[in-house]
Amino acid sequence: MAAQPPTSPSSTSDKLAPADFQARWWTWASQPSGTNPMSDTSGRFCMRDQPVEVWLLAGSLGEEPVERQCRVPADKPLLVPVVNLASDVASCEKFMKSAQGEVLLDGSTQALTKVSATPFTYEARAGNPYGTSAGRINSVGCGLYAWIPAPASGEHELVIRGSAEGDNVDVRYKLIVGAD
């Protein structure tokens, strides 16, 4: 694992507080297993149910490297979790002790936002890969996230590498920006 990149304060992004962006991300990532962006091995589900304020990208559920291609509208900032967890305060505190990683956009290291245990509520769909029931879920979330200003139109490479509690993430995206 590379040296820990710079982290920004855990308060807010340009528009959303940690509870808000975690709620949007976990709602998006709690789609049914067959169309879930976390288990997607090609990127074909990356456009599904995106929120208005930000474009969400996913890590992976397995240990194997994943390569995806994703079309991203122009003028959308990106929210990229390196590693994240929805659980409880004690689990988040333990998780964050080993959380590390990096996000590279076209080879350039992106600043990470460290989010400590933060209560939030999200909407899970039936058949999601996390084993949660469908409906409103009250949870506590934490993780390392990259907020990336809207990339210029064209093709970009985004790399997500991280680990926490022995689980590893290794995802490479080919982003096609402005292809909306």
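**Note on the predicted model**

1. Apart from neighbours within four places in sequence, glycine 178 is in contact with Val72, Pro73, Ala74 and Ser153, where contact means heavy atoms within 4.5 Å. With a relative accessibility of 36%, glycine 178 counts as partly exposed; buried means under 20% relative accessible area, exposed over 50%, and partly exposed in between, with a 1.4 Å probe and protein chains only.

2. On the basis of this note: the model is predicted, local features need pLDDT of at least 70 and side-chain atom pairs count only at pLDDT 80 or more, while totals for chains, interfaces and linings use all residues. Residues are numbered from 1 along each chain as its sequence is written, and side-chain values use heavy atoms, with hydrogens and water left out.

3. The protein chain has 2 helices and 10 strands. Read from the N terminus, its elements follow the order β-α-β-β-β-α-β-β-β-β-β-β. Helices (H or I, at least four residues) and strands (E, at least two) are DSSP runs numbered from the N terminus.

4. The radius of gyration of the protein chain is 15 Å, which agrees with the value near 16 Å that a compact globule of 180 residues would have. This radius is taken over C-alpha atoms, and the globule rule is 2.2 Å times the number of residues to the power 0.38. The C-alpha trace spans about 40 × 35 × 35 Å along its principal axes. Of the 180 residues in the protein chain, 48% are buried. Among contacts between residues at least 6 apart in sequence, 69% join residues at least 24 apart.

5. The accessible surface of the protein chain is about 8200 Å², and carbon and sulfur atoms account for 50% of it. These areas come from the Shrake-Rupley method with a 1.4 Å probe; for residues, only the protein chains shown count as cover. The chain carries 15 positive and 20 negative charges, whose mean positions are 3 Å apart. Lys and Arg count as positive and Asp and Glu as negative, with His and the chain ends not counted; each charge is placed at NZ of Lys, CZ of Arg, CG of Asp or CD of Glu.

6. Five strands form an open sheet with mixed pairing, in the order E3-E10-E9-E5-E6. E3 and strand E6 (108–109) stand at the edges with a single partner strand each, so one side of each has no neighbour in the sheet. Two strands pair if DSSP finds at least two bridges between them. Strands of a sheet pair through backbone hydrogen bonds, either parallel or antiparallel.

7. Strand E10 (residues 167–177) runs parallel to E3, joined to it by 7 bridges. Within that pairing, glutamate 67 has arginine 172 in E10 as its bridge partner. E9 and E10 pair in the antiparallel sense over 11 bridges, and the bridge partner of leucine 158 in E10 is tyrosine 173.

8. Strand E3 (residues 66–72) has a covered face made up of Val66, Arg68, Cys70 and Val72, and an uncovered one made up of Glu67, Gln69 and Arg71. Glutamine 69 counts as partly exposed, at 37% relative accessibility. Beyond four places in sequence, glutamine 69 is in contact with Ser42, Gly43, Cys46, Lys174 and Ile176. Its C-alpha is 4.6 Å from that of lysine 174, at a separation of 105 residues in sequence.

9. Two loop residues have positive phi values. Most residues other than glycine have a negative phi. Aspartate 75, with phi near 65°, lies in the loop between E3 and strand E4 (78–87) and is exposed, at 70% relative accessible area. Glutamate 165, with phi near 50°, is in the loop between strand E9 (154–164) and E10 and counts as partly exposed, at 38% relative accessibility.

10. Threonine 35 belongs to the loop between helix H1 (18–29) and strand E2 (55–56). Threonine 35 counts as buried because its relative accessibility is 18%. Leaving aside neighbours within four places in sequence, threonine 35 is in contact with Phe45 and Arg48.
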